[in-house]
Amino acid sequence: MTTISPEALQICEECDTVHRRRPMTHGQVGKCACCGATLEHYHSLNPNTMLALVLTAFVVFVQANLWPIVTLGLNGQHSSTTLWGAIITMWQANAQVISILAAVTLFFFPLLKMFSIGWLLWFARQRRCAPGFVPIMVTLHYIGPWTMSEVFVLGALVAIVKAKVYFDVVADPGIYAYAVLTVLITIFARVDMRELWEMRMKDST
Amino acid sequence: MSTLPRAADMGLISCHVCRLVCRAVPDSEDTEVDNVCPRCGSALHRRKPGSYARTWALLLAAFMMYVPANLLPIMRTASLNDVDDNTILSGVMELWVNGSADLAVIVFVASIMVPMLKFLVLGTLLISSHRRTDWAQLQRAKLYRLVEFIGYWSMLDVFVVALLSALVRFNLLSRVEPLPGVIFFGLTVVLTMLASMSFDPRLIWDSRDSDD
């Protein structure tokens, strides 16, 4: 092999094949020649756009947690709940494990994710490296698979359909906020963390 | 296929956390832990450490939780004159009969098929990789990606039970309460997620070394 700097290389996370990195153009996706795993994809979002998205997501997240998700009616009585209502009910009903799981995957991790990405981007747009950059990035890597807002939206739909047989069901603003949040989360789940890492490399040199 | 260069052969290691390409310190083949990523400070490993043992352990633990998760009721619906305990399967059937068939299919897939699929796929991957066979490598890689992607959708039923328990609280008229099955089911999902994370898909391709 000729001498190539390690920065010009990338290694497939799934099969350990070494690839040369190529500059990506719009809409391109780099796939591993050996196993077909996605290596990297081009995205046109700069730090400012991303920051705007994260702020939007935060506003929607607050709405999604403040407003009730669904209201049930039975003979003139009404009952509605928010995410935290469900978490507290599970705790009181001796299902603390579920309560903690729901609180972590639907509230604390998504919130932590938004704050961390927002923090990093806030400094990135000023071309500075955020304080605590490395521990934050490592934390983001580990909490990545443990946010489940999109599953919760589908769960709310199933709950509505199940309840509809016996009760009058009204979908409340919370469920719409959750649906929007899911779309936003999907957008910034596509962000390549490597790009943030490399932003730091450029600064420090 | 065997012409593609592999990192392990070139003395390179990709950091599992930040994906920086690092040079492996040559003399530390046995003590890989000494290699540390210069960018994020995480320990560098050629392969995830103890992948087989960890994945087997987590998978077996998940299966032990999966049995009570399906046998025990996950939810109690109580009204004035009857009390009804639902298991996962009876919940699907109720949805099929009363509600909408498409949602019944979604819940069936998420709660029953996905965990089963994970046990089968991860079991197959573990056994075949351990035997270092080069049988259907591309298909096995795809199966692994599928398992990683669908993993957390099984939490669906857990969230349904949580929401219904919080919503249906009309004192004597109608109540929904979670039952122990849902705890076992939640644990099954978490354990299978941990199992698929600790499996190292590079092991699928490690028979390539012996080809050359």
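This is a predicted model: local features need pLDDT of at least 70, side-chain atom pairs count only at pLDDT 80 or more; totals for chains, interfaces and linings use all residues.
Is N94(A) buried, exposed or partly exposed, and how many other C-beta atoms lie within 10 Å? N94(A) comes out partly exposed, with 14 other C-beta atoms within 10 Å.

**Chain A: overall build**
- Chain A has seven helices and seven strands, and along the sequence they follow the pattern β-β-β-β-α-β-β-α-α-α-α-β-α-α.
- The radius of gyration of chain A is 21 Å, whereas the globule rule gives 17 Å for 205 residues, so chain A is more spread out than a compact globule.
- Of the 205 residues in chain A, 33% are buried.
- Take the contacts in chain A between residues at least 6 apart in sequence, and 59% of them join residues at least 24 apart.

**Chain A: two residues with positive phi**
- As background, most residues other than glycine have a negative phi.
- You'll find N94(A) in the loop between helix 2 (83-92) and helix 3 (96-124) of chain A.
- R127(A) isn't a glycine either, and its phi is positive at about 55°.
- The loop that holds R127(A) runs between helix 3 and helix 4 (133-143) of chain A.
- R127(A) counts as exposed because it has 10 other C-beta atoms within 10 Å, and the cut-off for exposed is 12 or fewer.

**Chain B: overall build**
- Chain B has eight helices and six strands, and from the N terminus on they run α-β-β-α-β-β-α-α-α-α-β-β-α-α.
- The radius of gyration of chain B is 22 Å, while a compact globule of 212 residues would have one near 17 Å.
- The principal-axis spans for the C-alpha trace of chain B are about 75 × 35 × 25 Å.
- Burial covers 42% of the 212 residues of chain B.
- For contacts in chain B between residues at least 6 apart in sequence, 64% join residues at least 24 apart.

**Where the chains meet**

**Helix 5 of chain A against helix 6 of chain B**
- The axes of helix 5 (residues 149-164) of chain A and helix 6 of chain B come within 8 Å and cross at roughly 55°.
- That angle makes helix 5 of chain A and helix 6 of chain B oblique to each other, and the crossing is right-handed.
- From helix 5 of chain A, the contact uses V151(A), F152(A), L154(A), G155(A), A156(A), V158(A), A159(A), K162(A) and A163(A).
- Helix 6 of chain B answers with L156(B), F159(B), V160(B), L163(B), L164(B) and L167(B).
- Sorted by class, this helix pair's contact has 13 nonpolar, one polar and one charged residues.

Definitions and conventions:
Residues are numbered from 1 along each chain as its sequence is written. Chains are lettered from A and ligands numbered from 1 in the order in which they are written. Helices (H or I, at least four residues) and strands (E, at least two) are DSSP runs, numbered from the N terminus. The radius of gyration is taken over C-alpha atoms; the globule rule is 2.2 Å times the number of residues to the power 0.38. A residue is buried if 20 or more other C-beta atoms lie within 10 Å of its own, exposed if 12 or fewer, and partly exposed in between; C-beta atoms are placed from the backbone. Two residues are in contact if their C-beta atoms, placed from the backbone, lie within 7 Å. Axes are lines fitted to C-alpha atoms, for helices over the stretch in contact, and angles run from 0 to 180 degrees between N-to-C directions. Angles under 35 degrees count as roughly parallel, over 145 as roughly antiparallel, 65 to 115 as roughly perpendicular and the rest as oblique. A crossing is left-handed if the near helix is turned anticlockwise from the far one by less than a right angle, and right-handed if clockwise. Ala, Val, Leu, Ile, Met, Phe, Trp, Tyr, Cys and Pro count as nonpolar, Asp, Glu, Lys and Arg as charged, and the others, Gly among them, as polar.
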